[in-house]
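Hi everyone, thanks for making time this morning.

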Amino acid sequence: MTRRTYLLAGVAVLALCAPSVAKEQPAPGEPVTWHATSNTAESITGDVVYLPNSLTFANGTALTMTAVANAPAPWAVFASGSGGDGEIYKLESPADPELLNGNKLCGMPGQPVTYVMIAPNPKGDEMVLGVFTGEDAPTAESDPCATYSYEL
C-alpha cells in the first residue's frame, strides 16, 4: 500500500467513528431530550424534555422545579453499575400528574410528588429520574416512589 492509501484509509476510519466518539452537547439552557429506556419510563413518562427549571413529559405535561441540593443516589441503577450523585429539584407545585396510559408519575394516593432527583451516569450517556413525596428533601437514605431510566 502507498502512503496515500494509508492516509485515505485513516480519514475514512475517523469519519466513520467520529459520530460515536463525540456526542454534540447542547448549549447551557437549551432543551435536552431524554429517551425512555426502562419499561416504566416507556409506559409512564415516555421521552422527557429537560430544561434546568422544568421537565416536560411525552404527553405535554410539564413540571416546574428549582434545584436545591446535590446528594448521593444509591437507588440509581445504570447499565454500567449503580450509585453516584444526583441533583435534587423541588417542584414549585406538588402534584402527581396523569401521564401516558392514565398512569401517574408516582401513583401514591394522597401523596403528591414534591421532589425529583436527577442522577446522571458518570459516563454522561444515561440518566435516572427518582420521584419523591414528603415535605423534606430526599437524602441518601430516602427511597423514591418511582424511578425512570433514560438515554441521552
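Let's begin at Lys90, whose bridge partner in strand 8 is Tyr115. A quick word of care before I go on: this is a predicted model. Strand 7 and strand 8 run antiparallel, and five bridges join them. On to the next pairing: strand 8 and strand 9 are also antiparallel, with seven bridges between them.

Is strand 8 enclosed or open? Seven of its eight residues are buried, so strand 8 is largely enclosed by the rest of the structure.

Moving along, strand 9 is joined to strand 10 by six bridges, again antiparallel. Val128, for example, has Ser149 of strand 10 as its bridge partner.

Now let's step back. What do the strands build together? Eight of them close into a barrel, in the order 1-2-3-4-7-8-9-10, with antiparallel pairing. From one strand to the next, the twist averages 35 degrees.

Cys106 is joined to Cys145, with 2.0 Å from S to S. The two cysteines sit 39 residues apart and link distant parts of the chain: Cys106 is in the loop between strand 7 (85-95) and strand 8 (113-120), while Cys145 is in the loop between strand 9 (126-133) and strand 10 (146-151). The two ends are classed differently by accessibility, and the cut-off for buried is under 20%. Cys106, at 11% relative accessibility, is therefore buried, whereas Cys145, with 25%, is partly exposed.

Next, the aromatic side chains. There are four aromatic pairs in the count. One of them is Trp34 with Tyr150, a tilted pair, with 5.5 Å from centre to centre and 45 degrees between the planes. Trp34 belongs to strand 1 (residues 32-36) and Tyr150 to strand 10, so to speak of the chain, this pair links distant parts, 116 residues apart. Trp34 is buried at 2% relative accessibility, and Tyr150 is buried at 1%. Another pair is Trp75 and Phe132: their ring centres are 5.9 Å apart and the planes are at 65 degrees, so this one is edge-to-face. Because Trp75 lies in the loop between strand 4 (62-72) and strand 5 (77-78), and Phe132 lies in strand 9, the pair ties together parts that are 57 residues apart in sequence. Both Trp75 and Phe132 are buried.

Last stop, a helix. Thr40 lies in helix 2, residues 39-45, and counts as partly exposed at 36% relative accessibility. What does Thr40 contact, leaving aside neighbours within four places in sequence? Its contacts are Thr45, Thr147 and Tyr148. Thr40 and Ala146 are 106 residues apart in sequence, and their C-alpha atoms are 8.6 Å apart in space.

Notes:
Residues are numbered from 1 along each chain as its sequence is written. This is a predicted model: local features need pLDDT of at least 70, side-chain atom pairs count only at pLDDT 80 or more; totals for chains, interfaces and linings use all residues. Side-chain values use heavy atoms; hydrogens and water are left out. A disulfide is a pair of cysteine sulfur atoms within 2.5 Å. Helices (H or I, at least four residues) and strands (E, at least two) are DSSP runs, numbered from the N terminus. Buried means under 20% relative accessible area, exposed over 50%, partly exposed in between (1.4 Å probe, protein chains only). Contact means heavy atoms within 4.5 Å. Rings of Phe, Tyr and Trp (its six-membered ring) pair if their centres lie within 6.5 Å; planes under 30 degrees apart count as stacked, over 60 as edge-to-face and the rest as tilted. Two strands pair if DSSP finds at least two bridges between them. Axes are lines fitted to C-alpha atoms, for helices over the stretch in contact, and angles run from 0 to 180 degrees between N-to-C directions.
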